[in-house]
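I would like to walk slowly through one part of the fold and then finish with a single side chain.

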Amino acid sequence: MFNNHELGMIMAEQENEDYPNWNTNLHNCDFAEFAESCGGIGLKANTSQELKMAIETAFAVDEPVIVDIETDPNTYD
């Protein structure tokens, strides 16, 4: 899951159409913790090294996995 804590593509669409930015900031839950509470595996990745390890772990297990990948919220600016 790419997590930039906002609806970045919606924000970009609003800006492209000259609409004011409205309701695109999110107050996300901890998606890795959510996965754990549902009986799966939850992993977080904030760096490229953490991402590599999380992806390797996700493919090595035979259980549902969510990898919460922190991304830059300014990508669509």
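Predicted model: local features only at pLDDT ≥ 70, side-chain atom pairs only at ≥ 80, totals over all residues.

Let us start with strand E2, which covers residues 41–45. In E2, 4 of the 5 residues are buried, so this strand is largely enclosed by the rest of the structure. Its partner is strand E3, residues 65–70, and the two strands run parallel, with 5 bridges joining E2 to E3. If you look for Ile41, you will find it standing opposite Val65 in E3. Between the two strands the chain passes through helix H3, and this β-α-β crossover from E2 to E3 is right-handed.

Now, which residues make up the largest nonpolar core? There are 7 of them, namely Ile41, Leu43, Ala45, Ala54, Ala58, Val67 and Ile69. E2, H3 and E3 each supply at least two residues of this core, and the largest share, 3 residues, comes from E2. Take Val67 as an example: apart from its neighbours within four places in sequence, Val67 is in contact with Met1, Leu43, Leu51, Ala54 and Ala58.

Finally, let us turn to Gln14, which is found in helix H1, residues 8–16. Is Gln14 buried or exposed? Its relative accessible area is 13%, so Gln14 is buried, and, again leaving aside neighbours within four places in sequence, Gln14 is in contact with Tyr19, Pro20, Asn21, Trp22 and Thr24.

Definitions and conventions
Residues numbered from 1 in each chain as written. Heavy atoms only, no water. Core = buried A, V, L, I, M, F, W, Y, C linked by side-chain atoms within 4.5 Å. Buried < 20%, exposed > 50% of the residue type's maximum accessible area, 1.4 Å probe, protein only. Contact = heavy atoms within 4.5 Å. Pairing = 2+ DSSP bridges. Right-handed = clockwise from strand over helix to strand, strands pointing away.
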